[in-house]
Every structure is written in structure tokens, then in C-alpha cells.
Amino acid sequence: MTDLAETAAATTPYRVLARKYRPGTFTELVGQAPMVTTLTNAMAMGRLAHAFVLTGVRGVGKTTTARIIARALNCVGPDGSGGPTPEPCGICANCVAIAEDRHIDVIEMDAASRTGVDDIREIIEGVRYKPVTARFKVYIIDEVHMLSRNAFNALLKTLEEPPEHVKFVFATTEIRKVPVTVLSRCQRFDLRRVDLELLESHLADIAQREGAAVAPAAIAVLARAADGSVRDGLSLLDQAIGQATGEVTADHVRDMLGLADRTQLFDLFDHLMKGEIAAALDLVETMYKSGADPVAVVQDLLDHTHWITRMKVAADAARSAAVSDVERQRGTAMAEALPMPVLTRAWQMMLKGLGEVQGAPSPLPAVEMVLIRLAYAAEMPPPGDLVRRLQQDDAPAADAKPPPAPPPPADNGNGAGVRAVGGDGNAVLAPAADPTPEGAAEAASFEQVVALFEANREQLLASHLTRNVHLVKFERGRIEIRPTRQAPANLANQVGQMLGTWTGDRWVVTVSGEDGAPTLADQADARRRAEIVAAAEIPLVRAALDTFPGATIEAVREISPTPDAAADDDSEEA
């Protein structure tokens with residue numbers, strides 16, 4: 001007898017945990033209390049919609065809920081006299097047949113493989129006939145968003161006014177792809193991601209019922225990897241139990257999933273934020289040899305950055321039961337030590353780097369380049385600090401050269417430093433020119449600056465400085481200007497760069513909001529008009545104007561006397 005039982009057990013096909021522990025009633029659903037409450041009340045009051053649409057991420061129970069709805073609508077109870085109930089008995093003929101996917105009046109259709117009008121026409125033709133044995137004929141259409149536009153249009157009339165014996169249940173992961181005309185005819189339920197703590201509890205319960213020894217730390221890793229999906233969590237648990245020979249530990253799960261150790265992840269993030277690139281690369285190589293996926297490393301760093309940032313703005317994030325004491329202590333210390341600009345910059349750089357790693361032919365070198373970029377950027381001060389330094393920097397004296405610029409916090413790759421130009425509180429970083437003390441040009445006034453641009457054949461910039469710039473303040477090494485709308489946006493940047501190259505000194509060109517002096521072109525025009533007015537007062541010129549009515553003075557030129565004329569004037573004076 002024992003041999004027969006063992007033989008039967010050996011020949012019985014194995015059912016995976018996701019199918020073995022599929023919920024059969026609303027009370028067995030995990031993490032969907034709002035939907036269960038609504039459906040339970042609706043059935044208790046007899047207010048049943050003719051069409052339902054269930055949406056949510058993969059593995060949260062959409063198709064399972066659709067089958068439970070079909071059982072609840074068609075359950076007749078153990079005695080065969082019951083009506084629709086939120087707690088199907090599970091023993092009547094309808095409940096058993098629906099649970100075994102063989103009920104003739106419950107039709108399931110996969111819209112991913114049957115997307116055309118002809119498939120919907122079969123449903124429309126079948127709707128006219130009453131159910132054979134059940135109370136309602138239930139059509140379950142999975143991945144309904146895959147239907148074509150014509151198929152949706154063909155279904156609309158039937159969906160709006162179906163026969164009383166027909167119910168539709170749609171399931172989709174892409175609710176936005178379902179036409180609004182279809183959604184407006186259905187009662188919608190959004191299935192939520194299962195909370196991490198609830199999913200951990202569910203996985204631990206399943207492991208205990210299976211008689212498997214799974215460490216709590218391993219359950220936590222599995223629940224985190226499932227990302228709110230019960231089906232994914234059960235599939236991973238099934239795989240972990242089958243892989244381990246004894247107790248399933250967190251290390252076994254990480255090796256199975258190619259994840260990095262949390263302690264190593266803390267160390268890696270710490271090295272990057274301190275700019276210790278050699279130690280970070282060695283640690284990444286160790287993690288890679290241990291089986292960590294390079295893409296998963298970047299994703300884990302992104303999650304870690306988000307968690308640290310959230311702890312900084314909301315301290316309650318560290319009190320979650322899913323966080324270990326070591327993670328809580330180290331995470332709190334990092335949140336207190338790292339400023340918000342550094343964390344947000346790290347997030348943006350790693351988010352961009354994730355796409356690079358996913359598309360790279362060799363993921364490991366791509367990860368190393370992302371980490372090198374991040375480590376060097378961690379040494380740089382935030383842009384706000386650079387702006388404050390520029391604003392607090394005292395203006396140098398006009399007769400003294402400004403002190404040399406401090407060394408840059410990090411090399412840009414070619415050995416050149418950085419120099420600050422720009423204005424109005426916004427600093428623009430531009431390469432500093434090599435000092436050229438021998439033959440350096442002089443720029444002691446704004447007019448000499450413009451002349452310097454003309455001498456170096458920068459006629460366009462010289463024209464902008466002459467016509468479209470109001471000088472607010474000029475000192476040796478510092479210029480404040482108010483450009484007009486016609487001036488280019490990067491005028492201050494270009495002026496600072498070129499002056500640094502030509503003079504060999506540090507120049508800070510800023511944009512001010514003050515009115516400033518008239519432009520050089522306006523000043524020249526004012527001088528010309530004053531000269532014309534003064535020339536008109538000369539008696540000889542006045543007489544000429546009176547003699548020739550309508551004559552005007554167009555220009556006044558100063559004529560230098562010739563050497564012979566100057567000698568004649570000297571002899572006459574003698």
C-alpha cells in the first residue's frame with residue numbers, strides 16, 4: 001500500500017506555488033481590501049454591474065479575481081438553491097467546474113492572441129444564447145487593451161446593452177490603451193501593488209505550509225524583488241526552494257537573482273560619495289565575480305539613492321519593519337551627511353547611466369564609467385555654493401591685479417582649470433586661459449576693451465559691446481554690464497574668456513539689473529550732436545548757413561595742420 005502511494009505521488013504532476021495557492025474566494029485575495037469590500041457590498045445588495053474592468057501591474061490577481069467573480073455570480077450553494085454570493089461554496093457543480101477551467105458558460109479569451117473583429121463577432125453571436133447550466137454567461141477577456149480599434153467598436157453596442165444573462169469581465173495591465181468609450185460602460189477596479197510587509201508575511205506563510213526552511217532575510221529579499229506582485233513572489237520562492245539543499249538564506253536568493261549584498265551596496269555608495277574611485281571599482285569587480293548583474297547594481301544604487309533621499313526628507317522611512325538595524329543606522333548617517341543637491345545629482349547621473357549600461361555591448365565597463373563619472377562629480381561643490389562664492393568675493397582694487405584663481409576641485413580631463421564668468425547671480429564656468437605676462441594686452445577702460453576686440457578681429461562682439469551693452473561698473477578684472485535684448489545670451493561668457501586669453505588676468509564679467517551708462521554708440525552720437533551745435537555757433541559757419549538757406553551741418557571733423565602751415569604760423573608769431 002505504501003509503495004502504491006509513493007508511486008502515485010511520483011507520477012502526480014507538480015503544481016507550481018503560484019497555481020497551487022491561487023485564491024478561490026475574495027477573502028483569500030492578498031492586499032486588495034478596497035475592491036473586495038466594494039464587490040462584497042454590491043453582491044449583498046444585488047447591485048451587480050454588467051461589465052467589470054480590472055487593472056493593475058502583473059501578478060496582483062486580475063485574472064484570479066475575474067474567476068472569483070464568475071464563481072460568485074454562478075454559485076448555487078451546497079443545496080443548489082443559493083444565489084450570487086461574495087463567498088462561493090467551492091463544492092457545487094458550478095464552483096468546481098469554474099475552478100477547473102471547464103465550465104461551458106464561463107468563456108475566457110486571450111486578447112493578445114485574438115485581436116480581430118472576427119473574434120469579437122463570435123462573442124456577439126454567443127451572447128444571444130442563454131447559459132446552459134449556470135446563472136450567468138461570463139466572458140473573461142484578458143489583456144483587453146490588445147484588441148484592435150475595429151474590435152472595440154464592434155463590441156461597444158453589445159457592451160452597452162447586453163442581455164440580462166451576460167456579464168463581461170475585462171483584465172488589463174495597460175488601462176490607458178483601452179478606449180474611453182469602453183471604460184465608460186464598465187465598473188472599474190484598480191488592483192494595488194501588495195505592500196512589502198504584507199507580501200513578506202504571505203510568502204513566509206506559504207513557505208511554512210510547504211515545509212520549507214526559508215530565513216526571514218531571504219523572505220525580505222524575495223518580497224523586495226517581487227515588487228508588489230504576488231505571482232512573481234511565489235515564483236521566486238518556488239525557485240529558491242528548489243535551488244537550495246537546506247535552509248534558504250539571503251545569500252542564496254541574491255546569488256539566484258544576481259543581486260548585490262546590501263552591506264556591499266552601502267560600502268559602494270559610501271566610496272562613490274567620498275570620491276574613492278579605486279575602492280569603488282575594486283568592490284564592483286568583486287560583486288561582478290560573485291554573480292551580481294551590472295544592470296542590477298545600477299538599479300540597486302538608484303533605489304539606495306532614493307531611499308537615502310527619502311530618509312532625509314521623511315525620517316519615518318527608516319522606521320519600516322522591512323529595514324534591518326544595520327541598514328537603518330548606516331542609512332540615517334548617510335542621510336545626515338549628504339546634502340540634498342549631491343543626492344539629486346547622483347540620482348540624475350545614475351538614471352542616465354542606467355540606460356547606457358542597458359544598451360552597452362559590455363555592461364561591466366559601462367558600469368565602471370558611470371561610477372567614475374559619479375565619483376568625480378561627488379568631489380565638485382554644488383552649483384549653489386559656486387554662486388555664493390562669486391557673490392561674496394570682494395571686488396579687487398583698480399590698480400592691483402586680482403589674486404590668482406583657486407585650483408579647481410577636480411580636473412576636467414585635459415589639465416585645464418575653471419574660471420567663473422557670467423552674471424546676475426548665475427555663474428558660468430569657462431576654461432581659464434594660460435597666463436601670458438609677456439606682451440599682454442592692456443584693458444584699463446571699457447573703451448580699451450572694445451578696442452581690444454576690434455584689434456583681434458572680433459568685429460561682431462565689438463559691435464555688440466558698442467551698441468547693445470550699458471556699462472554699470474568697470475574695474476580691473478571685473479566688469480558689470482546690462483545687455484539689451486539684441487545682445488547674445490552668452491555675451492558675458494565670451495567677453496570673460498577672451499579677455500582672460502588676451503590679458504592673462506582673471507576677469508569676472510557679470511550681468512547687472514541696474515540701468516548703467518548709455519551705450520558707447522549713444523555716447524558717440526551725443527558727442528556728434530554737441531559738436532554740430534558748437535560748430536553752428538562759429539561766426540563763419542553761421543554766415544554760411546544764413547547765405548545758403550536749408551543747408552545743414554552733417555559732420556564735424558578736426559583737421560590737423562600740415563607741417564608747412566605750422567611753420568608759417570610760428571614765423572608769423574615771431
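At 5% relative accessibility, Cys92 counts as buried. That value, like everything here, comes from a predicted model. Cys92 has a cysteine neighbour to look at, too: the closest cysteine sulfur belongs to Cys95 and sits 3.3 Å from that of Cys92, which is too far for a bond, because a disulfide needs the two sulfur atoms within 2.5 Å.

So what about the rest of the chain? Searching the whole structure turns up 0 disulfides. Cys75 is in none either, and the nearest cysteine sulfur, that of Cys89, lies 3.5 Å away.

Take Arg22 as an example: you'll find it in the loop that runs between helix 2 (17-20) and helix 3 (33-45). Its relative accessibility is 37%, so Arg22 counts as partly exposed.

Last stop, the backbone. Asp227 isn't a glycine, yet its phi is positive, at about 55 degrees. This residue lies in the loop between helix 10 (216-226) and helix 11 (230-243), and with 42% relative accessibility Asp227 counts as partly exposed. Arg457 is another non-glycine with a positive phi, this time of about 65 degrees. Look for Arg457 in the loop between helix 20 (446-455) and helix 21 (459-467). With a relative accessible area of 75%, Arg457 is exposed, since the cut-off for that label is over 50%.

Definitions and conventions. Residues numbered from 1 in each chain as written. Predicted model: local features only at pLDDT ≥ 70, side-chain atom pairs only at ≥ 80, totals over all residues. Heavy atoms only, no water. Helix = DSSP H or I, 4+ residues; strand = E, 2+ residues; numbered from the N terminus. Buried < 20%, exposed > 50% of the residue type's maximum accessible area, 1.4 Å probe, protein only.
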